[in-house]
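I opened my notebook to look a few things up in this protein. Come and read along with me.

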Amino acid sequence: MSTSIASSNSMVRQRPVVLDRSRDVVQINEASTNTATEPSCTRKVVSKLKRPRWLTLVSIFSKNLVLLIVILGLVQMIKKLALKSTDSSGGSLVVVPDFMRRIDEVESFVKTKMTMMQVQVDAVDKKIESEVGGLRRELSDKIEEKAGEVNHRFEKVDSKSEMLENKLGKLGAVEFYRKEDREKILDDLMNVKGAGNGDVEVSLDDIIMTAKGTLMKEIHRLGRVDYALSYGGAKVVRHSEPFIIEKVGHWFRKISLTTVYRDSEKMLKPSLGEPGQCFPLKGDSGFVQIRLRTTIIPEAITLEHVDKAVAYDRSSAPKNCRVYGWHQGYDAGKMFLLAEFIYDLEKSNAQTFNVLDSVGSGLVDTVRLDFTSNHGSPSHTCIYRLQVHGHEPTSAS
């Protein structure tokens, strides 16, 4: 009897402990619930601060991880306490189901929270992925737009370069008086006035009259029509091997004689007289064949080289020259000699030679310049410009 009373007393003493422990579990549950709800408020505040998304993601993971560790620690503590109380009660297993039910509730709560966290992480990943894709598309569109603008600007630059080249070509057709021309005018004036010894005074009117005379001579010389001008339709149809050097200074391969080199057209255009603006042919002999703009009766041939005032070496100028002509549709294209001359470096850079009297009124639409020597250059010969003067048969007076 005393044993039963003692056991009942021990059970009475243990009930408050059990109740106290159940209250602790409820308080722990409420605390965990409150703790679980705190990160949502924190995320709202953080979202208002507009922090970077990767910082937000790291914060979410760290807080939820801490929460899970705390909850799992509490679960382990509760299990240990339950086991200890069971052992100490000596058979009072009535309280175990209540603890197990609460443990199950905590575990289900933890699983729910983990599921919610996974859903939130997936949502954040999708949002970041969509935003990165949008940024990539926007960047690609901007790159394409800028590339289009750059191409448009390059096209404008190309068109302006062509316009500038055309204007320079027209400007090159204008010939200016050089120092030699002024000296020639002065010599003519002195010869006219007999002032070689400097004893005779020269008036301004005398200078003006002498200059006008010299100018009229130049106009008469330059006033001839050039039927070998590329702007008028003439073109180079054949030539000997050109002298070609790469920009780095190495030789190109040989070009076939049936190929017309693109720089050959330079000898049919006016230039500003700068050195190097010519058609170079390999060696000290060669030929160039030109198709004129129309059929003409030839009168004279003009050969130009760079002026000695701007070139330190003029050894590449042709020396012994012959010019032949023929008509493709007459006399079966029979070739005949138009002029034979020597280009003199001591004279003007543009030298004109009349055709032979034997030519008469022969018609030509093709000419060929042959040179058998130059003024000393063993590697190449430069032709700056070749002009063919004459008149069309219908305009002959």
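Predicted model: local features only at pLDDT ≥ 70, side-chain atom pairs only at ≥ 80, totals over all residues.

**Entry: the overall pattern**

Which pattern of α and β does the protein follow when I read along the sequence? I found α-α-α-α-α-β-β-β-β-β-β-β-β-β. The secondary structure comes to five helices and nine strands. For these I used DSSP runs, numbered from the N terminus: helices are H or I with at least four residues, and strands are E with at least two.

Residues are numbered from 1 along each chain as its sequence is written, and side-chain values use heavy atoms, with hydrogens and water left out.

Next I looked up burial. Buried means under 20% relative accessible area, exposed means over 50%, and partly exposed is in between (1.4 Å probe, protein chains only). Of the 397 residues in the protein, 30% are buried.

**Entry: cysteines**

How many disulfides does the structure hold? I found zero. A disulfide is a covalent bond between the sulfur atoms of two cysteines. My cut-off was a pair of cysteine sulfur atoms within 2.5 Å.

I then checked cysteine 382. The closest cysteine sulfur to its own belongs to cysteine 278, and the distance is 3.1 Å, so this is too far for a bond. Cysteine 382 is buried because its relative accessibility is 8%. I looked up cysteine 321 as well, and at 2% relative accessibility it is also a buried residue.

**Entry: salt bridges**

Side chains of opposite charge can pair when their charged atoms come close. I counted a salt bridge when a side-chain nitrogen of Lys or Arg was within 4 Å of a carboxyl oxygen of Asp or Glu. How many salt bridges did this rule give? The count came to nine, and I wrote down three of them.

- Glutamate 138 and lysine 142 form a salt bridge, at 3.7 Å from N to O. They are four residues apart in helix H3, so about one helical turn separates them. Glutamate 138 is partly exposed at 41%, and lysine 142 is partly exposed at 48%.
- Glutamate 340 and arginine 322 form a salt bridge, at 3.1 Å from N to O. Glutamate 340 lies in strand E5 (residues 336–342) and arginine 322 in strand E4 (residues 320–326), so the pair ties together parts that are 18 residues apart in sequence. Glutamate 340 is partly exposed, with 49% relative accessibility, and arginine 322 is partly exposed, with 39%.
- Aspartate 370 and arginine 368 form a salt bridge, at 2.9 Å from N to O. Are these two buried or exposed? Both aspartate 370 and arginine 368 are buried.

**Entry: surface patches**

For patches I took residues with over 30% relative accessible area and no salt bridge, joining like charges within 9 Å and nonpolar side chains (Val, Leu, Ile, Met, Phe, Trp, Tyr) within 5 Å. Accessible areas come from the Shrake-Rupley method with a 1.4 Å probe, and for residues only the protein chains shown count as cover. Lys and Arg count as positive and Asp and Glu as negative, while His and the chain ends are not counted. The place of a charge is NZ of Lys, CZ of Arg, CG of Asp or CD of Glu.

Which residues form a negative surface patch? I found Glu155, Asp158, Glu162 and Glu165. Glutamate 155 lies in helix H3 (residues 96–172), and it counts as exposed because its relative accessibility is 54%.

I also found a nonpolar surface patch of about 280 Å², made by Leu164, Leu168 and Leu272. Leucine 168 lies in helix H3 and is partly exposed, at 41%.

**Entry: apart in sequence, and in space**

Here I compared places in the sequence with C-alpha to C-alpha distances.

- Glutamine 387 is in strand E9 (residues 385–391) and is buried at 10%. Glutamine 387 and alanine 300 are 87 residues apart in sequence and 8.4 Å apart in space.
- Serine 348 sits in the loop between E5 and strand E6 (350–354) and is partly exposed at 34%. Between serine 348 and lysine 308 I noted 40 residues in sequence and 9.1 Å in space.
- Valine 355 is in the loop between E6 and strand E7 (364–371) and is buried at 13%. Valine 355 and glutamate 340 are 15 residues apart in sequence and 8.3 Å apart in space.
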